[in-house]
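Please look over the sequence and the structure shown here before reading the notes that come after them.

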Amino acid sequence: MDIYVSTFLILWRCFIIAKDNNGQLINDAIKAKEVLVIGPTGEQVGKRTIEDARTLAGYANLDLVLMNPNSDPPVCKIMDYNKYRYEKQKKEKDALKKQRALQAELKEFRLSPVIDVGDFETKLRNVIKYLQKGDKIKLSIRFKGRQMAHTELGKEVLEKFANRTLEYAEISEKPKLDGRTMTMMLVPKKNK
């Protein structure tokens, strides 16, 4: 009875893996007549028929995975496919996290030279939230009409905003006026 259960589990495992293998052929899905087999520890077993390779994988209670179908003969490796797939997905997630960290988004917030206290606090909370995520912040003030005569008010608002975010951010570009718009850039502080 024990042999039947283990055989069933092996076949069931092969069936489940074969359903979701991301285009990589494994076990009975490999149709080549002869393959170059690499053992579970990385040693080269040599050229074998596909039946011999499957038998070797079965004795080791592992899977036969087609690694390079384009070579002559195709290269197969004896391994635990579930573990291989899990580690591959984990590496992809780590690479994606690193890529996101390198590509910090730029968020732009528009302020007014005569901004109210409530609006100021709301925008400040949002900016701090994005800085904690690691995004860069561009603050801008657009001067309208006679406000151009008092650009120092806009500069004061931007400097006040920067002072309130000193715990989370550094100023990468000081406030500068370009036409009717004054901008300033904040970048998140690096954790040491």
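Predicted model: local features only at pLDDT ≥ 70, side-chain atom pairs only at ≥ 80, totals over all residues.

Residues are numbered from 1 along each chain as its sequence is written, and side-chain values use heavy atoms, with hydrogens and water left out.

**Aromatic rings**

- The structure holds 3 aromatic pairs, where rings of Phe, Tyr and Trp (its six-membered ring) pair if their centres lie within 6.5 Å, and planes under 30 degrees apart count as stacked, over 60 as edge-to-face and the rest as tilted.
- The rings of Phe-109 and Tyr-130 are tilted, because their centres are 6.1 Å apart and their planes stand at 50°.
- Phe-120 and Phe-161 make an edge-to-face pair, with 5.2 Å between centres and 80° between planes, and both Phe-120 and Phe-161 are buried (under 20% relative accessible area, with exposed over 50% and partly exposed in between, for a 1.4 Å probe and protein chains only).
- The charged end of Lys-160 sits over the ring of Phe-120, 4.8 Å from its centre (NZ of Lys or CZ of Arg within 6 Å of the ring centre and within 35 degrees of the ring normal).

**Strand pairing**

- Strand S1 (residues 34-38) and strand S2 (residues 44-49) run antiparallel, joined by 5 bridges (strands are DSSP runs of E, at least two residues, numbered from the N terminus, and two strands pair if DSSP finds at least two bridges between them).
- Val-35 stands opposite Arg-48 in S2.
- S1 also runs parallel to strand S4 (residues 75-79), with 3 bridges, and Leu-36 has Val-75 as its bridge partner in S4.

Notes
Helix = DSSP H or I, 4+ residues; strand = E, 2+ residues; numbered from the N terminus.
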